[in-house]
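Biologist: Hi! I'm new to this one, could you walk me through it?

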Amino acid sequence: MTDLALAAYIGCAGFVVAGILGSFYQLLTGEPLKFAISVETWVKGVFSCLLCVFAGPFIIMRNAIRGRKVEQRPLGWLVASSTIAGMWSLCSGVFVLQIAFTILL
């Protein structure tokens with residue numbers, strides 16, 4: 001049970017980071033974040049790739065909820081998207097917390 005609670009905490013941390021990045025991007029640019037990699041310069045390409053990697057769960061869930069409400073997609077679509085976003089959040093949460101612990105300790 002402790003391992004499950006720890007995994008849930010790490011997944012939540014990853015999703016929070018994804019939400020913060022997605023919301024901050026939308027605040028700066030005025031448009032929602034999407035899976036698009038800019039190839040104008042290599043710096044923009046690397047930055048947009050990293051942004052998609054860490055904000056991916058937020059993008060998936062935003063699109064899944066919109067698809068369910070607006071396009072009337074089936075409930076299984078939302079469940080599958082939630083599972084993918086949850087596992088992705090867990091992976092990115094491990095990385096983010098490892099970096100945070102490295103900096104703080």
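Here is a short chat about the fold, a helix pair and a pocket.

Modeller: Happy to! Keep in mind that this is a predicted model.

Biologist: At what angle do α2 and α3 pack?

Modeller: Helix α2, residues 42-69, and helix α3, residues 75-104, pack at about 165 degrees, and their axes are 9 Å apart. Angles over 145 degrees count as roughly antiparallel, and that is why α2 and α3 are described as roughly antiparallel to each other.

Biologist: And which way does α2 cross α3, left-handed or right-handed?

Modeller: The crossing is left-handed. On the α2 side, the contact includes Cys 52, Phe 54, Ile 60 and Arg 68. Leu 75, Ile 84, Trp 88 and Phe 95 are among the α3 residues that take part.

Biologist: What classes of residue make up that contact?

Modeller: The contact of α2 with α3 has 15 nonpolar, five polar and one charged residues.

Biologist: Switching topic: what volume does the largest pocket have?

Modeller: About 230 Å³. Its lining includes Tyr 25, Glu 31, Lys 34, Lys 44, Phe 47 and Cys 52.

Biologist: Which helix gives the largest share of that lining?

Modeller: That would be α2, with five residues. By class, the lining of the largest pocket has seven nonpolar, two polar and three charged residues.

Technical notes. Residues are numbered from 1 along each chain as its sequence is written. This is a predicted model: local features need pLDDT of at least 70, side-chain atom pairs count only at pLDDT 80 or more; totals for chains, interfaces and linings use all residues. Side-chain values use heavy atoms; hydrogens and water are left out. Axes are lines fitted to C-alpha atoms, for helices over the stretch in contact, and angles run from 0 to 180 degrees between N-to-C directions. Helices (H or I, at least four residues) and strands (E, at least two) are DSSP runs, numbered from the N terminus. Angles under 35 degrees count as roughly parallel, over 145 as roughly antiparallel, 65 to 115 as roughly perpendicular and the rest as oblique. A crossing is left-handed if the near helix is turned anticlockwise from the far one by less than a right angle, and right-handed if clockwise. Contact means heavy atoms within 4.5 Å. Ala, Val, Leu, Ile, Met, Phe, Trp, Tyr, Cys and Pro count as nonpolar, Asp, Glu, Lys and Arg as charged, and the others, Gly among them, as polar. On a 1 Å grid over the protein atoms alone, a cavity is a set of points where a 1.4 Å probe fits but cannot get out, and a pocket is an open set with protein on both sides within 12 Å along at least five of seven lines; lining residues have an atom within 4 Å of a point. Grid points are joined across faces, edges and corners, and a volume is the space filled by probe spheres set on the points.
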